[in-house]
Amino acid sequence: MKRIDWSKAVLAALLYGREDLRLENIPDPTPPGPGEVVIEVKAATTCGTDLKVWRSGGHAKMLKPPTLFGHEAAGRIVAVGEKVTNWQVGDRVVANNSAPCRNCFFCQRQEYSLCSNLTWNNGTFAEYLKIPAPIVAQNLLPIPDNLSDELAAMTEPLACVLHGIARSNLKPQDKVVVLGDGAIGLMFVAKLAFDCSVEVLLFGGHDQRLEIGQKFGAAQTFNYRQQPDIPLVVKQFTNGWGADVVIEATGIPKVWETAIACARPGGTVNLFGGCPRDTTITVNTQQLHYSELTLKGVFHNTPEFVKKALELLASQKIPFELLISKRCPLKDLEQVFWEMQARQVLKVALIP
Ligand SMILES: [Zn+2]
Ligand SMILES: [Zn+2]
């Protein structure tokens, strides 16, 4: 293991506001406090949420600038706080970006993603990252030897997707529409097509990403720029009825409305992509009532799905590496955000 000079400051990305991301030297996060550990970040992956937060300069739940930034990472433990008994320096780990309190109204009902005291952790775009005690206790997992750091770093978004799928009322042979060809939409396609015995129709705006959707097993992919009437296309592929399940993975209010228009009577619409603050949508009351639609909001993940996500990644059943466009040193982080903005890259693995 590399020897660390604890007197030296460490490099980390800080978000100051809208499109204002700076790499700075921050105080060394060691020693960790009781129950905490510090990891040396080996790979941190970018995420659509990071892009949204960078563009808007904040996030309602996750963070408030100025703040350490980034939430998907895998690394190696370099220091262990008091009272941490089951981890050792040198362990390869992935840490979720949150942990529930296990105490509040929602936690008592096992609705952990709604926990009103979620402990959040940001700061994966850095050389070192401190993991708070509630995350160490519940959402810190050992990385199996056969799994690379950059793939393990994708545990968090995949956990959100598995949570989303579990809440989608899926049945075998369903026709499922996924709207959005970002990393989250494509993860939905992969899990649905490989593991859920359903037929997936993917809509996106980027041909290269739609190709990844095909490799992940989408039965049909459509570029909405060529076929803008998405509900009509869906009806043509579903005997005129609409999809059994629709998954919205763009976070654009207009697309939420499109998602609802794509569902068959009795169908479920999973409104998964978080929209900008204070936005609203219009729902046709007749359609909602007489078509008995189920509209589901699904947010974030829970410890159960974090474990399942890491297991799925380690099983190597699905080629999730297709989602990683490239690897970059931490110093290129800002450039990477401009490339994400221009949709030139999907996920990037930052290697500090
Ligand atoms: Zn709670
Ligand atoms: Zn993420």
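Q: Is Cys101 buried, partly exposed or exposed in this model?
A: The structure is a predicted model. Buried means under 20% relative accessible area and exposed means over 50%. Cys101 has a relative accessible area of 25%, so the residue counts as partly exposed.

Q: Which protein atoms are the donors of the zinc ion (ligand 1)?
A: The donor residues are spaced C-x2-C-x2-C-x7-C in sequence. Their donor atoms lie 2.3 to 2.4 Å from the zinc ion (ligand 1). The donors are the SG atoms of Cys101, Cys104, Cys107 and Cys115.

Q: Is the arrangement around the zinc ion (ligand 1) tetrahedral or irregular?
A: Four donors count as tetrahedral if all angles lie between 85 and 135 degrees. The four donor atoms around the zinc ion (ligand 1) subtend angles of 102 to 116°, so the arrangement is tetrahedral.

Q: What is the arrangement of the four donor atoms around the zinc ion (ligand 2)?
A: The protein donors here are Cys47 (SG), His71 (NE2), Glu72 (OE) and Glu156 (OE), at 2.2 to 2.6 Å from the zinc ion (ligand 2). A tetrahedral assignment needs all angles between 85 and 135 degrees. The donor atoms subtend angles of 87 to 170°, so the arrangement is irregular.

Q: How many residues apart in sequence are the parts that His71 and Glu156 tie together?
A: Both residues are donors of the zinc ion (ligand 2). His71 lies in the loop between strand E4 (67-68) and strand E5 (73-80), whereas Glu156 lies in helix H5 (residues 155-166), so the pair ties together parts whose separation in sequence is 85 residues.

Q: Which residue in the hairpin of E1 and E2 takes a positive phi?
A: Strand E1 (residues 10-17) and strand E2 (residues 20-26) run antiparallel and are joined by seven bridges. Two residues stand between the strands of the hairpin, and the residue with a positive phi, near 50°, is Glu19.

Q: What area do domain 1 and domain 2 bury between them?
A: The domain assignment gives domain 1 (9-159 + 301-351) and domain 2 (168-297). The contact takes 17 residues from domain 1 and 19 residues from domain 2. Carbon and sulfur atoms account for 68% of the buried area, which is about 1500 Å².

Technical notes
Residues numbered from 1 in each chain as written. Chains lettered and ligands numbered in written order. Predicted model: local features only at pLDDT ≥ 70, side-chain atom pairs only at ≥ 80, totals over all residues. Heavy atoms only, no water. Donors = N, O, S within 2.8 Å, 3.2 Å for Na, K, Ca; no water. Tetrahedral: all angles 85-135°; square planar, octahedral: opposite > 155°, others 65-115°. Buried < 20%, exposed > 50% of the residue type's maximum accessible area, 1.4 Å probe, protein only. Helix = DSSP H or I, 4+ residues; strand = E, 2+ residues; numbered from the N terminus. Pairing = 2+ DSSP bridges. Domains from an automatic or database assignment. Contact = heavy atoms within 4.5 Å. Buried area = accessible area lost by both parts, 1.4 Å probe.
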